[in-house]
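This report describes selected helices, strands and loops of one structure. The sequence and the model are shown first, and the description follows.

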Amino acid sequence: MKKRILIIGLCLVILIAAWILWPKQKKAPTDQFTDVVSTTTGDLRGFVQDGLNVYLGIPYAKAPSGSLRFKAPVPQPKWEGVFNAYEFGAVCPQVYDPIELDDPHENVDVEDCLTINIWAPPADGEKKAVMVFIHGGGFVEGASKSRLYDGDAIARNGDVVFVSLNYRLGLLGFLDFSVIGGSEYADSANNGLRDQLLALQWIQDNIAAFGGDPDNVTVFGESAGGASVTALLGIDNPQTYFKRAIVMSGSPHHSAANSASIASLIRDETGISSPVLWKYMPTAVVLYIQGQVSQAVGSPASDLLFAPTYGENNVMKRTPLEAAQQGKLQGIDLMIGTMANEMSYWSFYDTETDHICDQTVSDNIVTYVDPAQSPRLEELYQLYKQNPERSGYAEGEIILTMEGDVVFRIPAVQLARAQSAFANPYVYLVDYPVNLPGQPCQNNRAPHGAELPFVFGKINETSGTDFIGLSRDAADTAVRERLMHEMMSAWINFAKTGDPNGNGLPAWPSFDPDAQATMRFGLTSRVENAPFAEEYEAMSEFMQTFDLFSVFK
């Protein structure tokens, strides 16, 4: 009897497992379908939604798991039949973060995640500009399927082809595995970047079939996505993949030495030195290790653990600044900018005992990294404090502004300065005050990521109001609508022509080292020459003696 019950129970388990694992029939959200499109990886079909042809979850690489884990991406083999591009692909493995992922039940440990999504206007015989978005998330989280990143509004309003993509994250995408596995894994610290390059090559080979112009591609991204764009500027011949770049609050990159140091630290702290264990351990275990490492480092420094790596033996040969200074970015148009209060965003990750806005001149991220910098930091604090735009700022808010300049603004202006010798870059600063009373450190400031709802046309959707809050009143609604129109139009115009001007935006001159024209998007949008110039010069000098990544050494 017991044996019979055991057999029946085993059969039920097998049946349930088979039901769970059996490939589900993909279902389109509408009953209108596109014509079949032929690509280098096979035929596919999308669906028509609100006048756009939409194609979701198109694989561009084989699953980077098992023997392919920590290796360069392998192009997707050609499939047979017609691929139904009706649903987003899996998010790349990551520790769940409700700020980055919409669905609390999201499956976060699927390594077969390298996919592309396309929103395209109906074909009319004209080649359309292509805008390729790379999502952020500190190189450890995020996904192209986030509702905030839906490309429908940009594609429809701009008459452009919008593309988004997934890439490997965290340990699987940016760990220098050569420290553990040897030379066979050279440049594994850039696997996520190599994923992006393979996706961009797929776009070059196939986007014309969707109505896009492969000779007029703009890559743009925010945070880690912005850092991805600047990393792509550091490869050899980036002009092969794109014509224009928009960098939104791009974060720093690693030197080869930094990446090796972090990989050695992770290997030694985990005690796992066997390449075989790392390659074949369950994805969930990899994520557990990644979560423990991030927790040990703490926010916001943990967002610097993983990033593209530059060096002569890497696909990213040089820093973007070096690439611009050496004239290797000729022919690439650049638009770059930051938020006025970048670092306040990290108050989302405050704990009961640690509040990022409570930093002081003597106790902050910089002095934690290098206590010897305390006297110089005090001088800089007094300089920043005297600016009338910061009247009413608490001590911690001024410290956050200084840190934001180190991580985001100074590198952005430096890159624009260097590129201005060869092109006409455009620089912006967003200072629209968000309405998040539940986040006092962010409320009435312009935190990291708050430009996204305006660029993507999501100011009235939950995915957008999570970042900027609800409108305060009719006047605020009018400001938001105007700002969304201005910013989305500027991004689209730049992608089409290399010039963001038009559609009611105040005249925006290109940036040069003398005038340093900067578009300030806010309650009123205006151009200002060399905003915060004195702070910029002083902080630039300070950064020559301060190594942010020494925290990991």
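## Strands E9 and E10

Strand E9 (residues 212-222) and E10 run parallel and are joined by 5 bridges. Strands, of at least two residues, and helices (H or I, at least four residues) are DSSP runs numbered from the N terminus. Two strands count as paired if DSSP finds at least two bridges between them. Phe220 has Ile246 in E10 as its bridge partner. This is a predicted model, in which local features need pLDDT of at least 70 and side-chain atom pairs count only at pLDDT 80 or more, while totals for chains, interfaces and linings use all residues. Residues are numbered from 1 along each chain as its sequence is written, and side-chain values use heavy atoms, with hydrogens and water left out.

Because 5 of the 5 residues of E10 are buried, the strand is largely enclosed by the rest of the structure. Buried means under 20% relative accessible area, exposed means over 50%, and partly exposed lies in between (1.4 Å probe, protein chains only). In a regular strand the side chains alternate between the two faces of the sheet. Both faces of E10 are covered, with Arg244, Ile246 and Met248 buried on one side and Ala245 and Val247 buried on the other.

## Phe242

Phe242 lies in the loop between helix H6 (224-233) and strand E10 (244-248). Its relative accessible area is 2%, so Phe242 is buried. Not counting residues up to four places away in sequence, Phe242 touches Leu200, Val217, Val219, Leu232, Leu233 and Ile332; contact means heavy atoms within 4.5 Å. Phe242 and Asp333 are separated by 91 residues in sequence, yet their C-alpha atoms are 9.7 Å apart in space.

## The sheet E1-E2-E5

An open sheet is formed by 3 strands in the order E1-E2-E5, with mixed pairing. Strand E1 (37-39) and strand E5 (82-84) are the edge strands, each pairing on one side only. From one strand to the next the twist averages 35°, taken between axes that are lines fitted to C-alpha atoms (for helices over the stretch in contact), with angles from 0 to 180 degrees between N-to-C directions.

Strand E2 (residues 42-45) runs parallel to E5 and is joined to it by 3 bridges. Arg45 stands opposite Asn84 in E5.

Helix H13 (residues 395-419) has 25 residues and, at 1.5 Å a residue, should span 36 Å; its end C-alpha atoms are 35 Å apart, which agrees. The expected span is 1.5 Å times one less than the number of residues. H13 has a kink of about 55° centred on Asp405, where the bend is the angle between axes fitted to the seven residues ending at a residue and the seven starting there. Since 21 of its 25 residues are buried, H13 is largely enclosed by the rest of the structure.

In helix H17 (residues 533-543), the buried residues are Glu535, Tyr536, Ala538, Met539, Ser540 and Phe542. The buried residues of H17 pack against helix H11 (365-369), helix H12 (374-385) and H13.

Strand E15 (residues 517-521) and strand E16 (residues 526-529) run antiparallel, joined by 4 bridges. They form a hairpin with 4 residues between them. Met519 has Val527 in E16 as its bridge partner.

Asp431 is located in the loop between strand E14 (426-430) and helix H14 (452-455). Its side chain makes a polar contact of 2.9 Å with that of Arg520. A polar contact is a pair of N or O atoms within 3.5 Å; within protein, one must be able to donate a hydrogen and the other to accept it, and residues adjacent in sequence count only if both atoms are side-chain atoms. Apart from neighbours within four places in sequence, Asp431 is in contact with Ala340, Ala446, Arg520, Phe521, Gly522 and Arg526.

Most residues other than glycine have a negative phi. Asp50 has a positive phi of about 50° although it is not a glycine. Asp50 lies in the loop between strand E3 (47-49) and strand E4 (52-59) and is exposed, with a relative accessible area of 62%.

Asp159, also not a glycine, has a positive phi near 55°. Asp159 is found in the loop between helix H2 (152-158) and strand E8 (161-165), and its relative accessible area of 35% makes it partly exposed.
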